[in-house]
Amino acid sequence: MLAPPVRVLVADRDPAVRARVGTILGEADGIEVVGSAPDATAALVTLRRRLPDVILLDLRLGLPVREPVSRRSAVVALAAFDSDAGILRALRDGAAGFLLRSARRNELVKVVRLAADGHLVLSPDATRRLVSAATRLSGPRDERLAQVDRLSARETDVLVAIGAALTNAEIASRLGLPEPVVRDCVARVVRKLGCAHRTAAGLLAYERGLCRPGVN
């Protein structure tokens with residue numbers, strides 16, 4: 001029996017972006033575009049009616065990542081080159097990742113599939129941008145950063161792997177642990193750090209200096 005397709009809502013102010021992204025995803029196997037919205041009102045209507053698995057969301061629409069309806073879906077921010085601060089806020093609020101609007105076809109499809117499966121979705125280029133932005137835009141170290149130092153050795157290893165954008169299966173292989181143990185440890189790390197999502201926990205690994213793009 002075939003798995004149901006990943007249902008995607010594309011919400012962006014730019015009609016050219018909606019058309020390009022919708023066409024690419026519409027041609028991909030196992031993905032169904034269930035809506036295309038130019039503003040927050042239309043996005044909310046489609047969210048409530050179609051319950052997509054993934055929302056590709058233009059942060060300029062002003063739809064909060066933690067909007068009660070959107071919590072049922074994985075939110076991936078569609079971003080421009082000058083929106084680092086907004087991206088960081090979205091990730092810390094629980095977005096699954098972000099894509100530049102100019103993302104290549106293969107990257108776009110891959111990110112949608114990973115987000116639907118509950119994974120962190122930051123490409124190497126995206127990670128480099130976010131690390132730079134986090135360093136530039138972050139205020140004084142908050143309690144979450146201090147909490148990183150209180151993690152156990154295993155939890156720290158798992159946090160570094162999260163920052164490297166590894167899936168639970170990949171973390172299990174790297175650390176020689178059963179995948180259920182990794183899954184529980186990831187949940188514990190996210191909870192201990194007070195993060196809404198593993199993506200936000202991964203960013204803390206970079207802000208604390210445990211990870212560097214392209215090294216881990």
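Let me start with Pro 38, which touches Asp 12, Arg 13, Arg 18 and Leu 61, leaving aside residues up to four places away in sequence; contact here means heavy atoms within 4.5 Å. Before going on: this is a predicted model, in which local features need pLDDT of at least 70 and side-chain atom pairs count only at pLDDT 80 or more, while totals for chains, interfaces and linings use all residues. Residues are numbered from 1 along each chain as its sequence is written, and side-chain values use heavy atoms, with hydrogens and water left out.

Pro 38 sits in the loop between strand 2 and helix 2. Helices (H or I, at least four residues) and strands (E, at least two) are DSSP runs, numbered from the N terminus. From Pro 38 to Asp 58 is 20 residues in sequence and 9.1 Å in space, C-alpha to C-alpha.

Strand 4 (residues 74-79) is joined to strand 5 by 4 bridges, and Ala 77 has Phe 98 as its bridge partner in strand 5. Axes are lines fitted to C-alpha atoms, for helices over the stretch in contact, and angles run from 0 to 180 degrees between N-to-C directions.

The axes of helix 7 (residues 153-163) and helix 10 (residues 198-207) come within 8 Å and cross at roughly 100°. That makes the two helices roughly perpendicular, the term for 65 to 115 degrees. On the helix 7 side the contact involves Leu 159, Ile 162 and Gly 163.

Last, the cores. The largest nonpolar core has 25 residues, and Leu 159 is among those touching the most other members. A nonpolar core is a set of buried Ala, Val, Leu, Ile, Met, Phe, Trp, Tyr and Cys residues joined through side-chain atoms within 4.5 Å. A second, separate core of 23 residues includes Leu 56 and Val 76.

Note on methods
Two strands pair if DSSP finds at least two bridges between them. Angles under 35 degrees count as roughly parallel, over 145 as roughly antiparallel, 65 to 115 as roughly perpendicular and the rest as oblique. Buried means under 20% relative accessible area, exposed over 50%, partly exposed in between (1.4 Å probe, protein chains only).
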